[in-house]
2 protein chains.
Amino acid sequence: MSFLIQQVLMPVDQGYATVDVDIEADRITAIVPQNSPLSRGNQSFTVKGQNKLLLPGFVNAHTHSSEMWQRGIIPPLPLELWLAELYDFTPLELEQVYLSALGTAVETLLSGGTSVVDHLVLIPGQEIETVAAAVRAYQEIGIRAFIGPLIQDEALAKGIPDGDTKREHEAYLRSTSETLALMQEMIDQFHNPEAGVNILVAPTGIQLCSEALFEGCIELSDRYTLCRHAHLLETKAQKLLAQEKYGCSAVEYLNRIGYLNSRTSLAHCVWLDEADIKILAETHSTVVHNPLSNLRLGSGIAPILKYRQAGVNVTFGCDGAASNDSQDLLEAIKMGSLLHNTTELDYHHWITPRQAIKMASFGGAKGLNLADELGSLMVGKKADLVLYDLTNLSLLPRTDPIGLLVLGRPTNVVDSVWVNGEQVVADGKITRIDTDELRKELFERSQWMVNRQSETVRQLESHYRRVMGLLDYS
Amino acid sequence: MSFLIQQVLMPVDQGYATVDVDIEADRITAIVPQNSPLSRGNQSFTVKGQNKLLLPGFVNAHTHSSEMWQRGIIPPLPLELWLAELYDFTPLELEQVYLSALGTAVETLLSGGTSVVDHLVLIPGQEIETVAAAVRAYQEIGIRAFIGPLIQDEALAKGIPDGDTKREHEAYLRSTSETLALMQEMIDQFHNPEAGVNILVAPTGIQLCSEALFEGCIELSDRYTLCRHAHLLETKAQKLLAQEKYGCSAVEYLNRIGYLNSRTSLAHCVWLDEADIKILAETHSTVVHNPLSNLRLGSGIAPILKYRQAGVNVTFGCDGAASNDSQDLLEAIKMGSLLHNTTELDYHHWITPRQAIKMASFGGAKGLNLADELGSLMVGKKADLVLYDLTNLSLLPRTDPIGLLVLGRPTNVVDSVWVNGEQVVADGKITRIDTDELRKELFERSQWMVNRQSETVRQLESHYRRVMGLLDYS
């Protein structure tokens, strides 16, 4: 299959150029001035690019797809308590995993994403089947998938600092070695980059993982050249916990055990200090900024301008839909750039719309060790492309297309999406699945509700408030 | 005209109820359990409310409609320099004012707003005609309009603190008395609450207005019972300026001259201290929170939780589309609630989705001195109503409808809107104007551009950086 996108706007150094873009199979094979003789090849068909903007696909670099079942329902709570409620009601059916992976992919594709990093919550006892369900969804819809099965080997309550109490903790339901054996099986069964499915090692984070689990993940990552992923210092409580657990910062700890390298992406990174930032820069780790989730859970504002000044690669994620509560990448990009203007008086350091777009595309590719293959409009790169309709009301009047896209609130602006050269969105519609059918399934398997009560929140809240120095309301 | 909305979800104290809502002419005349005999009147027609949520319309409580012509184009700059660029390229044609008022109304209506407060930039020499153009747009499309002609009597450069320099300032193009005479004429010609058009007195703020101008506005406001509006302490620079100008805070000053009362709404309110907040509470003034604009311009995070704790009425605005760069009220409501979770560790104080909805509807009505008429679903109130389609993918799976609406990123969810009992949106479409024609006009009267250079920014920047203590890059 080959095709030509004709007369499309693309960003160049000094503004925009109108070009023809030739795609052969899965690659961009030519980008030439519009109507150049070079662009008249033997393409199977052409796509009209007039009044449209072409950009490389973004990466939704951190999410948890099955949280979609709980979006809009969890009340204002900080991460540690929010997580307790989330887990009390986590979906336990494989069909739910499949449907929410589809939903996550739909919203990602329709907001400019071509890749998704799914830090996937596993159904206990059906771990392999959980991954299979997500893989099935992503392959059907045609998004490039990076699945990091979310593993831990310590029970939830251990993620809250002890303070001066000496709490006993129950054991986690799976042992470390069982967990690593599952990871091995998942890699064997599903890791297939050529088919657009990649497995990542993804221990949830220092708050719920033993050193043995991290070490096992490092070993697997090195043996199969897998990317590494984890949550890192999302909350103040986690910063306190790292000091309790290791007597040093979480970043120093992860560096010491060798978890940090250029294949490592770390979600959140809100509570790092200067020394931590230096380590991330030196190890070429990637920060995944999840601005909406960090606000929703009151985690704080990640020091993104400092990361950029220190040369740390930064990209954006939506995070799971129960802490956002959407999977709209353009929203994450907007908030992830604007938020930091309040942290720095000198506007020369503020993130521009063009920088934001590059962070979301090239920065995302880099964090997945794929900077040579993805993330920019260049001959030879994979054809993971998004075409935006610039005649949409939300992008009018005409000014700077990228400014409108990043700073506005674009609605229904994605006209077409290609992943690996295959079209997965056409004329604003998902091509490979029936989204009305998806809506019907999501509707029928859910119900309107309010005032859900979480037993685990009830159990943990008083201890949480105590160690965080909050007044006790009980 | 009378009609019945059947079997619709509406929020009640303990969750949601399914009700029938009867509307006669411009008022809600009955809200009864679904299929109640009481609900079978002599309505002209019925509206199916099944799987839909009914809410009172929100107020877009602070915007500048003609900024739409410059959305997406102004680079990352703080307010004082951003304003310089904005004014260098401000639209000067009446037809532009008309079209951007339509565009502002479309986006407001399609994101749940039924009222708009347009702090309207006036074309020099065509001030009356500018207001006439906006009035024409708002009456055509059918939104409830509150127009505050943006007046000042001091030149732009005076809005930046002098620091230790002794700058000379040119006179503003209109004198104070000429400006007040224009206001008188606008009130005479356009103020017509019964027809849905209200004039506000709206001096831009202490940074560019003399005491005589404020006093003239107070006099007009009292004579005609008009609401009062102004920008207030949006930036750190304005806080410095108030000290330079008055030797006290801007709030103390406005209170002393008698500008603050229960008909006064104040946009931004970012740089207030505890004493200022107390004054706002005592005078029953309303704060209009513009979270997106405050982030975009790096103005800061307004202390909204403190306002709420002090009993100050707070509502939301989009602000003009050159500092946002959208007019989506649901986005402003989402960000205006979530942002503050990072300023307060105790989640018991965080704004819930239900509180946010009430701030946007009832809080908005209160700020316009219309709490008896607008802002809640109650028998006897005006029928300014919005019906949301809960089967939209962005609101699925089903959980808490208001949680989904506020915390998600709803797209195309507004099914119907009524203003004063008249339908202005049906089946997701604006009924009274042709939005394709609007798109065409906005498209044809604009062009894609980058790297626009503002002469006034060039002139002001070095002084701005100096008084704000920023390194000089020149």
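**Close-up views of a predicted two-chain model**

**View 1. An open four-stranded sheet in chain A.** The strands run in the order E6-E7-E8-E9 (chain A), with parallel pairing. Strand E6 (58-63) and strand E9 (197-199) of chain A stand at the edges; each has a single partner strand, so one side of each lacks a neighbour in the sheet. From one strand to the next the twist averages 15°. Strands are DSSP runs of E, at least two residues, and helices are runs of H or I, at least four residues, numbered from the N terminus. Two strands pair if DSSP finds at least two bridges between them. The model is predicted: local features need pLDDT of at least 70, side-chain atom pairs count only at pLDDT 80 or more, and totals for chains, interfaces and linings use all residues. Residues are numbered from 1 along each chain as its sequence is written, while chains are lettered from A and ligands numbered from 1 in the order in which they are written.

View 2. Strand E8 (residues 144-149) of chain A pairs with E9(A) in the parallel sense over three bridges. Phe146(A) has Asn198(A) as its bridge partner in E9(A). Helix H3 (residues 127-141) of chain A packs on the sheet, touching strand E7 (113-120), E8 and E9 of chain A. The direction of H3 makes about 165° with that of E8(A). Axes are lines fitted to C-alpha atoms, for helices over the stretch in contact; angles run from 0 to 180 degrees between N-to-C directions.

**View 3. Domain 1 against domain 2 in chain A.** Chain A is divided into domain 1 (2-55 + 376-430) and domain 2 (58-367), with bounds from an automatic or database domain assignment. Their centres, taken over C-alpha atoms, are separated by 30 Å. In contact are 19 residues of domain 1 and 22 residues of domain 2 (C-beta atoms, placed from the backbone, within 7 Å). On the domain 1 side, helix H13 (401-407), strand E15 (414-419) and strand E16 (422-426) of chain A each give two or more residues. H13(A) provides the largest share, five residues.

**View 4. Chain B against chain A.** Here 61 residues of chain B are in contact with 61 residues of chain A. Elements of chain B giving two or more residues to its side include strand E2 (15-24), helix H11 (329-338) and helix H14 (435-444).

**View 5. Surroundings of Ala105(B).** Beyond its neighbours within four places in sequence, Ala105(B) is in contact with Val116(B), Ala137(B), Tyr138(B), Ile141(B) and Ile143(B).

Technical notes: Two residues are in contact if their C-beta atoms, placed from the backbone, lie within 7 Å.
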